[in-house]
Amino acid sequence: MKNHKNRPLMLAIAAILNAPHIEAAETAQPVLPEVKVKVSAEKEPAYKADTSSTGLKFETAIRDIPQSVSVVKEELVKSQNAFNLRDALKNVSGLTIAAGEGGRTGDSITLRGFSANSDTYLDGAKENGQYSRDTFFLDRVEVLKGASSVLFGRGSTGGVINPIAKKPVMGKSFANADFTYGNYDFKRTTLDAGTKLTDNVAVRLNALYQDADSFRDYNYTNRWGVAPSIKFDITKDTDLTLMLLHQEEDSVFDYGVPMIGGKPANVPVNQFYGFKDDLLQTYDTSVATAIFNHRFNSEFSVRNTSRYGNYDRKYRTLLFSGGATGTGAAATIARSQALRESPQENYYNQTDFTFKKPIFGFNNTLLFGAEVGWEDYTFRSKDSTGVTRVSIYNPLSSPTVGAGRANDFSGVLTTDRNTKTNTAAGYVLDQFEITPQWKLLAGGRYDVFQAKQNDNLLNTNDFERTDHQWNPRAGLVWQPKNWQAYYFSYGTSFNPSAETFSLATNTANLKPEQNQNLEVGAKIDLFDGRLSATGALFRLEKTNARTTDPTDPTKNILAGEQKTDGFELGLAGDLMPDWSLSATYAYLDAEVTKSTTFATGSVSGLSKSLQGKNSVNVPENSGVVWTSYNITPEWEVGGGVFMSGSRFTDAVNEVTLPGYARLDATVAYHHKHFDIQANAFNLLDKVYYESGQTNTALPGVPLSGQLTLRVKY
C-alpha cells in the first residue's frame, strides 16, 4: 500500500470482516493485537451448517455436495420457538405446507412443486408414519432438494426431509429444561439431559409435555413424548447407539374455514364449523432405532441402521363436501363426517460401506450398500349419517351429529383395506477428485418394490404389483478457491402406484412415474467462512405422469407431463460476530404441461383440462428472512418475516389462497444458567392462510406471544 497512514484502518477492517480477499492480500503483513472482536468471532455461526449427512449418506462438507441442501439448526428453531417440524421447515426455500390430501393427517409437505408426503426420514433411514412431528428431540433438520431416489428409493421427487436426532455425548454431563407459556393457554415443558455412565457408555434423555388450546374455537393440542438414547463405545473403532422415540397426541381434526367463490370465506379466523362433542384425533407413535458403526481401518468403515416404527392414529374428520350454495347471509355449505383409523408398522435396515482411498494418486470416496424393508398399512373409514349443511356466516350447529355418528368400525364401512410393501435395494456412489479443484460424483441404485393390497370390502379390489427400477445420479463440483464451489447435477426418482399405500383398478397395472432434476448452483463462503451464500437454478420434470386414458375414462395411462422451473437463493451465518442471519427465497414455476385428465371447477361448474394449469399448493414466490443481534453479551433482539405468494388449492386453478407476509419478533436475556425469551407472532395481526384444499382454508395464527424460561446446567 502506498499510503501507510491508512494501513491501521485497513487492517482493522480486515480483522472485523475477515473477508477472504483482504485476508489473502495481507498474509505477509503484521497484524494488530488480538481484540474482543476476534474472540467472539471464534464462536460457531448460529444459523450456518458446514456439513450434512444427507447429500451423500455420510458426513461431508456441504460445499462438496452437487445438490441444494438446507440445514435448519437448533439455534434457529429455538430463536423462533418452532415447536413443530412443519414450523421449522418454513425456513427451507421451495417448501410449502399442504393440507392433508387423500385422507392424510399429520405432516403434509410439498417440495419443489411435488408432494413429499412419503419422503420423511430420520438419521437417514425412512420414517414415514403419519403424525405431527415435534422438534423436542431434534438436533437439526436437513433437506436435500431435487430428485434423489439413488439415495433414498421410491419417492424423493422434490427431495427428502431428514431430521437428525440428538444423541448421547461421551464425556459430558448437562441438563437443560424449557418452560413456555403463551396466549390461548399454551403450556409446554421440555427436558434435555445427558451424562456418561462409564468411560464407554453415555446416555441422554429428551422429554416433552404440552397442554395447549388454540385461537381456533374448540381446538387444542395436548402432546407428550420421551426420547431416551444410549451410546456404547465398544472399542475405539466400534460404537452402538440405541434410540427410542415415543410420542402421543390428543388434538382436533380441523381444516379451517370454507371456501366461497374461489377464496376463503370472510369470517373470523376462530370460527369453527364442526361438532364440539364429536372431536377425536389421537396419535400413538413409537420409533426404535439402532445405529452401529465400525471402522475396519482408516480407509474402510461400515454403518448399519435398523429401525422399527409403529404408528397408530384414530380420528374423526369434518370436511366440507362440495362447494357453497346461496349468497350473502343465506350461503351454506355441506359437511361430511367420518371415523377413521390407520395403524402402520415399518421395519427398515440399511447398511452403508464407505471406502476412502486414493486412486492413481487422486482422492476417492466410494459408498456402497443395501437396504431392505417392509411396511404394513391398514386404512378403515366409516361415514356418519345425518350430517346437516351449515351456514357459512352464522354457523349455529348442534354439539353433535347425534345418533348417526360413527363410533366404531362395525356395520357398513366406506373403506377397509390393508397394504403390505417390501423393498430391496442396492446402491453405489463414488466421489472422485479429478484435481484439488474438480470433484466428480456418479452412482446408481437398483430397487425392487413390491406391494400387495387386500380390500376387505370388495375382493375385486385386491391388487399386487412388483416394480424394478434403476436410478442414476451424476454431479460435478468446481472449487477454484477454498471458499467457492460451483456445481452441476443430474438426478432421477420414481413414483410407483403404491407409493403411499394405495392401489386401484386404474393404477395397479401402471409402471412407476419417472422424474429427473437438472441443477446448476453455487455455494460461496464469505467473511472467512462466517456466512454462506447459496444459489441454485433447476428444472424438475415428470415425463410420464398418470393421466386419464382418453379412450377409457376408467383407466389411467402414463402420458402426462409436469415440470417445475425455478431458482433458489440463501444466506446463513453471521454478518458480524454478534449479528446472525438466515434468509431464503424461492421462485417456482410449476405447471402441468401435458394431461388428458379433466376435472369440474368448484366455482364455474365447468369441466376443464388440467393441461396448462399450475400445480397445486405451489406459490410462485416465497421466502423467509430471520435475523438476531446481540446488543450486549446478555441481551439479544431478533425477528423476521415469513412470505408466500398466492397459490392454487385445486387442480383447475379456480380456488386461491392469498399471499401473505407475517412479521415475528423475539427478545432474549442470556445468563450462564438461564435464558428468558419472549416471542411475538404476527405482529401486524394480518389474516392469512397456511394451507388449503378445494373447499377449505386453514387460517394462520393471529397476533400472539409466548414467554420461555430456559434453565441450563
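# A guided tour of charges and rings

Start by selecting Arg 112 and Phe 538: the charged end of Arg 112 sits over the ring of Phe 538, at 3.7 Å from the ring's centre. As you look around, keep in mind that this is a predicted model.

**Stop 1: another charge over a ring**

Now select Arg 662 and Phe 642. Here, too, a charged end sits over a ring, with Arg 662 lying 5.0 Å from the centre of the Phe 642 ring. Trp 626 belongs to strand E35 (residues 621–630) and Phe 642 to strand E36 (residues 635–644), so the pair ties together parts that are 16 residues apart in sequence. Are these two residues buried or exposed? Both Trp 626 and Phe 642 are buried.

**Stop 2**

How many aromatic pairs does the structure hold? There are 23 of them. To see one, select Tyr 273 and Phe 320, an edge-to-face pair with 5.6 Å from centre to centre and 85° between the planes. Tyr 273 is found in the loop between strand E17 (263–264) and strand E18 (281–295), while Phe 320 is in strand E19 (residues 300–320), so this pair ties together parts that are 47 residues apart in sequence. Tyr 273 and Phe 320 are both buried.

Next, select Phe 296, Phe 300, Phe 353, Phe 355 and Phe 368 together. Ring pairs link these five into a cluster.

**Stop 2: a nonpolar patch on the surface**

Switch to a surface view and select Ile 434, Trp 438, Leu 440, Leu 476, Trp 478, Phe 488, Leu 518, Val 520, Leu 537, Phe 567 and Leu 569. Together they form a nonpolar patch on the surface, with about 900 Å² of accessible area. Which strands each supply at least two residues of the patch? They are strand E26 (438–455), strand E27 (463–478), strand E29 (513–526) and strand E31 (552–576).

Val 520 lies in strand E29, and its relative accessible area of 38% makes it partly exposed.

In sequence Tyr 585 and Phe 567 are 18 residues apart, and in space their C-alpha atoms are 8.4 Å apart. Tyr 585 is part of strand E32 (residues 579–594) and counts as partly exposed, at 28% relative accessibility. Leaving aside neighbours within four places in sequence, the contacts of Tyr 585 include Ser 93, Phe 567, Leu 569 and Gly 623.

**Stop 3: salt bridges**

Side chains of opposite charge can pair when their charged atoms come close. In this structure the count comes to 50 salt bridges.

Select Lys 73 and Glu 44, whose side chains meet in a salt bridge of 3.1 Å, N to O. Lys 73 is in strand E3 (residues 69–73) and Glu 44 is in the loop between helix H3 (36–41) and strand E1 (51–52), so the pair ties together parts that are 29 residues apart in sequence. Lys 73 counts as buried at 8% relative accessibility, whereas Glu 44 is exposed, at 57%.

Move on to Arg 188 and Asp 134, a salt bridge in which the closest N and O atoms are 2.7 Å apart. Arg 188 is in strand E12 (residues 186–198) and Asp 134 sits in the loop between strand E8 (125–126) and strand E9 (138–145), so parts that are 54 residues apart in sequence are tied together. Arg 188 is buried, with 5% relative accessibility, and Asp 134 is buried with a relative accessible area of 0%.

Then select Arg 539, Glu 541, Lys 563, Asp 565, Asp 589 and Glu 591, which salt bridges link into a network. Within it, the side chains of Glu 541 and Arg 539 meet at 3.9 Å, N to O. Glu 541 counts as buried at 18% relative accessibility, while Arg 539 is partly exposed at 36%.

**Last stop: a residue in a loop**

Finish by selecting Lys 236, which is in the loop between strand E14 (220–235) and strand E15 (238–251). Is Lys 236 buried or exposed? With a relative accessible area of 74%, Lys 236 is exposed.

Definitions and conventions. Residues numbered from 1 in each chain as written. Predicted model: local features only at pLDDT ≥ 70, side-chain atom pairs only at ≥ 80, totals over all residues. Heavy atoms only, no water. Phe/Tyr/Trp six-rings, centres within 6.5 Å; stacked < 30°, edge-to-face > 60°. Helix = DSSP H or I, 4+ residues; strand = E, 2+ residues; numbered from the N terminus. Buried < 20%, exposed > 50% of the residue type's maximum accessible area, 1.4 Å probe, protein only. Lys NZ or Arg CZ within 6 Å of the ring centre and 35° of its normal. Patch = residues over 30% accessible without salt bridge, like charges linked within 9 Å, V, L, I, M, F, W, Y side chains within 5 Å. Areas by Shrake-Rupley, 256 points an atom, 1.4 Å probe, with all protein chains shown as cover. Salt bridge = Lys/Arg side-chain N within 4 Å of Asp/Glu carboxyl O. Contact = heavy atoms within 4.5 Å.
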